[in-house]
Amino acid sequence: MVNMATGETGFSDVMYDLISVQYHALKGGHDYGQYVRDAENAGKQEIADFFRKVMEEDSQRAAQCHKYLAQLSGTKDAGPAAA
């Protein structure tokens, strides 16, 4: 198996990248709830639906990251900080 590069965090770069994508997807999902309300309050249902779609996509993205993180956790591919 190929060793993954480890950044300054002590986690593999791939692990760090997955955590970063998951964080931003979850943060976006939280923010999009307000965007949906703003669009609905402005009477823009089509835009509210768009924000709901984006929120669902980020939710799926976060779940996929969670799956990959679970696969890497506890393996040498996670980096020395995860051992």
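Modeller: A residue counts as buried under 20% relative accessible area, as exposed over 50%, and as partly exposed in between. The model is predicted, and the part examined here is Lys67, a residue of helix 2. Because its relative accessibility is 44%, Lys67 falls in the partly exposed class. Helix 2 itself covers residues 45–72.

Two packed helices are described by the angle between their axes and the distance between the axes. Here the axes of helix 1, residues 13–41, and helix 2 come within 8 Å and cross at roughly 160 degrees. Angles over 145 degrees count as roughly antiparallel, so helix 1 and helix 2 are roughly antiparallel to each other. Their crossing is left-handed.

As for the whole protein, 27% of its 83 residues count as buried. Of the contacts between residues at least 6 apart in sequence, 65% join residues at least 24 apart. The protein exposes about 5,800 Å², with carbon and sulfur atoms supplying 57% of that area.

On confidence, the average pLDDT is 83, and 76% of the residues score at least 70. Residues 1–6 have pLDDT below 50, although this stretch has 15 contacts in the model beyond near neighbours in sequence. Where pLDDT is low, the predicted coordinates should not be read in detail.

Definitions and conventions. Residues are numbered from 1 along each chain as its sequence is written. This is a predicted model: local features need pLDDT of at least 70, side-chain atom pairs count only at pLDDT 80 or more; totals for chains, interfaces and linings use all residues. Side-chain values use heavy atoms; hydrogens and water are left out. pLDDT is the predictor's confidence in each residue, from 0 to 100. Contact means heavy atoms within 4.5 Å. Helices (H or I, at least four residues) and strands (E, at least two) are DSSP runs, numbered from the N terminus. Buried means under 20% relative accessible area, exposed over 50%, partly exposed in between (1.4 Å probe, protein chains only). Accessible areas come from the Shrake-Rupley method with a 1.4 Å probe; for residues, only the protein chains shown count as cover. Axes are lines fitted to C-alpha atoms, for helices over the stretch in contact, and angles run from 0 to 180 degrees between N-to-C directions. Angles under 35 degrees count as roughly parallel, over 145 as roughly antiparallel, 65 to 115 as roughly perpendicular and the rest as oblique. A crossing is left-handed if the near helix is turned anticlockwise from the far one by less than a right angle, and right-handed if clockwise.
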